[in-house]
Amino acid sequence: MTRPLTASNSALADAGDLLRALAAPVRIAIVLQLREADRCVHELVDALDVAQPLISQHLRVLKTAGVVQGERRGREVVYRLVDDHLAHIVVDAVAHVQEGK
């Protein structure tokens, strides 16, 4: 039996913000892509077949939420996941949904 997790109201609010940041299908797809490898915007555009401005907007949301971080390499910014915990949340959610179908 697992012990119940207790958290402060602040931690619960922050967790809610994080889950909202992950809630859009394109952002889920970005996390899945970054789980495989670090990527720049044009690689995400090609992989997801989504317009560049939309990818950039979603990356901004993920960056603000602390899910991804970018590192400038020359003229490009390469994005990566901040940690694997978030990738596990997304993978588990996708697997859960697929199991039910």
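Contact here means heavy atoms within 4.5 Å. By that rule, H58 touches A24, V26, R27 and I30, leaving aside residues up to four places away in sequence. H58 sits in helix α4, which spans residues 52-64. The residue is buried, at a relative accessible area of 10%; buried stands for under 20%, exposed for over 50% and partly exposed for what lies in between, with a 1.4 Å probe and protein chains only.

The model is a predicted one, so to speak of local features takes pLDDT of at least 70 and side-chain atom pairs count only at pLDDT 80 or more, while totals for chains, interfaces and linings use all residues. Residues are numbered from 1 along each chain as its sequence is written, and side-chain values rest on heavy atoms, with hydrogens and water left out.

Turning to the overall layout, the protein has 5 helices and 3 strands, in the order α-α-β-α-α-β-β-α from the N terminus on. Helices (H or I, at least four residues) and strands (E, at least two) are DSSP runs, numbered from the N terminus. Along the principal axes, the C-alpha atoms fill a box of roughly 50 × 35 × 20 Å. Of the 101 residues, 29% count as buried. Among the contacts with a separation of 6 or more, 53% are accounted for by residues 24 or more positions apart. The protein exposes about 7100 Å², and carbon and sulfur atoms supply 53% of that area; accessible areas come from the Shrake-Rupley method with a 1.4 Å probe, and for residues only the protein chains shown count as cover.

Next come the charges. There are 12 positive and 13 negative side chains, and the centres of the two sets lie 5 Å apart. Lys and Arg count as positive and Asp and Glu as negative, while His and the chain ends are not counted; each charge is placed at NZ of Lys, CZ of Arg, CG of Asp or CD of Glu. Side chains of opposite charge can pair when their charged atoms come close. A search of the whole structure turns up 3 salt bridges, a salt bridge being a side-chain nitrogen of Lys or Arg within 4 Å of a carboxyl oxygen of Asp or Glu.

One of them joins R20 to D17, with the closest N and O atoms 2.6 Å apart. These two residues are 3 residues apart in helix α1 (residues 9-21), so about one helical turn separates them. R20 is exposed at 53% relative accessibility, whereas D17, at 43%, is partly exposed. R35 pairs with E36, the closest N and O atoms being 3.5 Å apart. Here R35 counts as partly exposed at 46% relative accessibility, and E36 is exposed at 55%. R73 and E71 also meet in a salt bridge, at 3.5 Å from N to O. R73 is partly exposed, with a relative accessible area of 45%, and E71 is partly exposed at 45% too.

Some negative side chains gather instead in a surface patch, made up of E43, D46, D49 and E76. Patches consist of residues with over 30% relative accessible area and no salt bridge, where like charges are joined within 9 Å and nonpolar side chains (Val, Leu, Ile, Met, Phe, Trp, Tyr) within 5 Å. E43 lies in helix α3 (residues 41-48) and is partly exposed, at 33% relative accessibility.
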